[in-house]
Amino acid sequence: METPQAVQGTPAGAAVPSEIRSLIAKAKSSVGDGVFFALCAFAAVLIVLVIAGLIGQLIASSQLSIHKFGTSFLTSKVWDPVNEEYGAATFLYGTVVSSLLGLLLALPLSLGIAVFLVEVSGQTMRTILSFLVETLAAIPSIVYGVWGIFVMVPYIQEHVAMPLSEKFGESIPFLAGPAMGPSMLSASCILVVMILPIITSISRDVMLSIPMSQREAALALGSTKWESIKIVLANARWGILGAIILGLGRALGETMAVTLVIGNSPQISSSILQPAYTMASVIANEFTEATSEMYTSALIEVGLVLLITTFVVNMLARLLVWSVARRTSTGGRS
Amino acid sequence: MSERRLHFSRATILRRKITNNLMIGLCAVCVLLALIPLALILFYTVREGIGAINLEFFTHLPKPVGETGGGMANAIVGTLIMMGMSAMIGVPVGILCGVYLSEYGRNRFASVVRFLVEVMSGLPSIIVGIFTYALVVKPMGRFSAYAGAVALAVLMIPTITKTTDELLKLVPNTLREAALALGAPQWIVNTRIVLRAAAKGIVTAVMLSVARVAGETAPLLFTAMNNRFWHNTLDQPIASLPVQIYTYATSPYDDWHAQAWAGATVLIVIVFVLSVVVRVVSGGKFTVQQ
């Protein structure tokens with residue numbers, strides 16, 4: 001390759017350094033490129049290592065318990081550290097029931113809020129209300145727990161649980177007494193407030209992406225506002241389902257707030273006014289106290305079960321939200 | 001005949017109007033119902049907490065049971081230290097991984113990483129605690145600030161990576177092409193052009209993730225543990241605000257409950273100040289200093 005200097009007839013001595021200089025510059029940039037790429041790729045590999053290490057670690061550390069108890073770990077209700085007998089059924093029950101109950105209560109609320117934000121309120125009000133609802137998500141879980149244990153639990157016991165069990169306790173096993181403050185109901189109530197923001201904000205975004213023409217068509221045919229909203233909701237159903245499952249995933253893994261208000265008693269009771277125990281709570285409470293290897297191993301297996309549950313739930317939700325995001329067209333409300 | 005039909009449709013219209021107003025009214029009620037717990041939580045936390053917040057709270061160690069007063073100075077400092085340390089691990093890894101996904105990520109490996117980042121963002125924080133216990137605490141033989149920081153960093157990374165990835169994709173290709181055409185090597189383009197164009201959003205994501213981990217308790221329970229005294233070095237158990245609040249809230253003493261409320265107030269203030277800074281940053285103009 002000829003250097004421009006050589007063509008212009010400048011002395012050859014001057015051309016060499018410039019050629020070298022450009023070579024050096026080239027080498028430098030390729031070194032820089034290589035280094036920067038290596039750094040980025042290293043970070044990506046690190047993510048893979050962390051997840052692989054996490055799953056591998058949980059499986060390896062729970063071998064002792066997996067071998068001893070096998071599948072009966074999931075069905076046995078015995079949790080007896082003294083005699084080294086462990087079963088996670090009570091925790092599985094507590095986690096699933098408290099989360100589903102919370103979801104059941106949070107769903108109508110979140111949908112109502114999302115509808116109000118998208119279809120009823122104006123731009124300014126939507127921004128303000130969205131900010132307030134998202135503030136709920138910014139409050140740390142431990143603060144929910146402190147508020148729950150000192151304010152909400154006594155209130156629920158006196159004004160909700162006791163009247164309910166007095167009136168319906170004998171006829172409906174769900175509400176059988178004696179009504180306790182720290183209970184499945186309290187845990188579900190605190191979960192409602194905690195998962196409400198995520199369900200609301202995703203549903204809101206999905207509804208905002210529904211084309212304006214859908215509403216206009218409904219209104220032009222003479223439907224009322226609510227009837228047009230029903231059409232929007234029908235169109236947004238898969239995205240909303242994704243939001244619900246994502247909220248469920250959040251509820252399943254929630255630890256501190258639930259630990260403080262659920263009563264931490266390993267039992268399966270048909271009444272939601274009785275204390276219960278969740279998988280996350282038992283790990284939080286007993287992990288540092290686990291004295292024997294089998295105890296630790298059993299707790300880690302509880303963690304493994306929790307991981308698998310949340311993983312499946314989250315993947316289901318992501319697939320739904322993604323498939324909706326791919327299909328949504330432009331032209332929604334903004 | 002026609003009269004009857006008119007009469008019938010009037011009734012229908014009335015019914016539909018009533019349904020309409022009722023349902024929209026119910027939606028408004030839902031909004032109010034959601035705002036009530038928000039107001040109650042903030043009200044109670046500040047009301048109960050403000051009494052125990054004084055200079056002593058920020059400058060003194062916790063007092064033993066029975067003695068009134070004392071503070072959470074060590075826990076506040078511990079939380080700030082672990083926030084800083086976890087940011088030092090989590091921010092570079094998170095951003096670099098985001099750059100990888102956006103700028104070099106047109107291959108199979110990148111889609112695997114993208115999937116794993118999703119998995120990571122859904123991990124229950126208590127599981128991250130167990131993992132860090134096995135990874136750091138067990139080999140070291142003791143609870144430490146390092147372990148706490150690693151656990152928090154793992155929780156921080158997915159948010160930062162996802163946002164970086166999404167924001168870098170929004171940077172127009174013409175910017176990259178123009179820089180490359182001027183002879184800039186790829187890495188200069190990525191660091192000085194692409195990342196800089198998305199700097200505002202990335203800073204927002206970093207602040208939000210730091211604010212999030214500031215309130216995390218579960219992953220610290222068996223990584224950083226707790227410490228009633230000042231930590232001498234970072235390879236020792238260290239106090240943190242959330243764990244201290246948890247310890248106090250579950251104790252049977254009224255003095256400690258008041259301290260727990262005060263701690264909760266300080267924690268909320270820290271998280272909200274960070275959120276407000278994020279709003280200011282993302283609303284105002286921001287450039288990265290070279």
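Two residues are in contact here if their C-beta atoms, placed from the backbone, lie within 7 Å. The structure described is a predicted model. Chain A holds 14 helices and 2 strands, while chain B holds 11 helices and 0 strands. The contact between them draws 66 residues from chain A and 63 residues from chain B.

**Chain A as a whole**
- For 334 residues, a compact globule would have a radius of gyration near 20 Å, but the value for chain A is 29 Å.
- Along the principal axes, the C-alpha atoms of chain A fill a box of roughly 105 × 70 × 35 Å.
- Of the 334 residues in chain A, 46% are buried.
- When contacts in chain A between residues at least 6 apart in sequence are considered, 74% of them join residues at least 24 apart.

**Confidence in chain A**
- The mean pLDDT of chain A is 87, and 90% of its residues reach 70 or more.
- Residues 1-14 of chain A have a pLDDT below 50, and this stretch makes 11 contacts in the model beyond near neighbours in sequence.

- A:Val192 belongs to helix H8 of chain A, which covers residues 184-208.
- A:Val192 is buried because 24 other C-beta atoms lie within 10 Å, and the cut-off for a buried residue is 20 or more.
- Apart from its neighbours within four places in sequence, A:Val192 is in contact with A:Gly102, A:Leu105 and A:Ala106.
- Between A:Val192 and A:Ser213 there are 34 Å in space, C-alpha to C-alpha, and the two are 21 residues apart in sequence.

**Chain B as a whole**
- Read along the sequence, the pattern of chain B is α-α-α-α-α-α-α-α-α-α-α.
- Chain B is more spread out than a compact globule, because its radius of gyration of 26 Å is well over the 19 Å that the globule rule gives for 290 residues.
- The box filled by the C-alpha atoms of chain B, taken along the principal axes, is roughly 90 × 70 × 35 Å.
- Buried residues account for 46% of the 290 residues in chain B.
- Of the contacts in chain B with a separation of 6 or more, 74% are between residues 24 or more positions apart.

**The side of chain B that touches chain A**
- This contact involves 63 residues of chain B and 66 residues of chain A.
- Several helices of chain B each supply at least two residues to this side, among them H1 (2-50), H3 (73-103) and H11 (254-283).
- H1(B) gives the most to this side, with 19 residues.
- By type, the residues on this side of chain B comprise 49 nonpolar, 11 polar and 3 charged.

Notes:
Residues are numbered from 1 along each chain as its sequence is written. Chains are lettered from A and ligands numbered from 1 in the order in which they are written. This is a predicted model: local features need pLDDT of at least 70, side-chain atom pairs count only at pLDDT 80 or more; totals for chains, interfaces and linings use all residues. Helices (H or I, at least four residues) and strands (E, at least two) are DSSP runs, numbered from the N terminus. The radius of gyration is taken over C-alpha atoms; the globule rule is 2.2 Å times the number of residues to the power 0.38. A residue is buried if 20 or more other C-beta atoms lie within 10 Å of its own, exposed if 12 or fewer, and partly exposed in between; C-beta atoms are placed from the backbone. pLDDT is the predictor's confidence in each residue, from 0 to 100. Ala, Val, Leu, Ile, Met, Phe, Trp, Tyr, Cys and Pro count as nonpolar, Asp, Glu, Lys and Arg as charged, and the others, Gly among them, as polar.
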